Amino acid sequence: MPKSNTGKREIPMLTEVRDTQLALYERRNDFNADNQIVIDGYTNFVFRDLYGRVYSNHRINRQLKRITAKYNQEEHAEAEQEGREENPLPPITCRMLRHTFCTRMILGGIDLKTVQIIMGHADAETTMRVYANVTKAQAQNEMMRMEGKMKLK
């Protein structure tokens, strides 16, 4: 796996995502290039505020809560105006987004060892334990797909 300039492993990602993050990083440097935070030996964080501080899960979760509350308020008003049942968003957290991303990778056919590396799990057992329900459902779907394609006689 490629190493960053700090000697740490880089996380594999889609080119478009990497390019977007690099552009965000460069833009943040325009505001506060001298204020580099070090967390567990890591520096050069992409998502920083105007003061150079790294966004915490708590801070992002608060913003997600505001976004869903605003959406749900607008959805409530639209549903009432249109005379239909509203369809609000459930609460969304960073953990849910991470879980969804991992689930989508597995359902997309990425092998578990690769998912383990991307998710930063110490071993594939962690990935299997947390996402086993996804792989069981996927296995059942694959068996249904194979139905009638294999000859037993």
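A residue is called buried here when its relative accessible area is under 20%, exposed when that value is over 50%, and partly exposed in between, with a 1.4 Å probe and protein chains only. The model is a predicted one, in which local features need pLDDT of at least 70 and side-chain atom pairs count only at pLDDT 80 or more, while totals for chains, interfaces and linings use all residues. Residues are numbered from 1 along each chain as its sequence is written, and side-chain values use heavy atoms, with hydrogens and water left out.

The confidence of the predictor in each residue is given as pLDDT, on a scale from 0 to 100; its mean for the protein is 82, and 86% of the residues reach 70 or more.

An α-helix has 3.6 residues a turn, so residues three or four places apart point the same way.

At the start of α4, a side-chain oxygen of Asp 111 comes to within 3.2 Å of the backbone nitrogen of Lys 113. After the helix comes Gly 120, which has a positive phi, near 80°.

Val 115, Ile 118 and Met 119 also belong to the largest nonpolar core, together with Cys 102, Met 105, Ile 106, Tyr 131 and Val 134; such a core is a set of buried Ala, Val, Leu, Ile, Met, Phe, Trp, Tyr and Cys residues joined through side-chain atoms within 4.5 Å. Helices α3, α4 and α5 each supply at least two residues of this core. Leaving aside residues up to four places away in sequence, Tyr 131 touches Arg 98, His 99, Cys 102, Thr 103, Ile 106, Met 119 and His 121.

Cys 102 counts as buried because its relative accessible area is 0%. In the loop between α3 and α4 lies Ile 110, which counts as partly exposed because its relative accessibility is 34%.

Technical notes: Polar contact = N/O pair within 3.5 Å; in protein donor to acceptor, adjacent residues only side chain to side chain. Helix = DSSP H or I, 4+ residues; strand = E, 2+ residues; numbered from the N terminus. Contact = heavy atoms within 4.5 Å.
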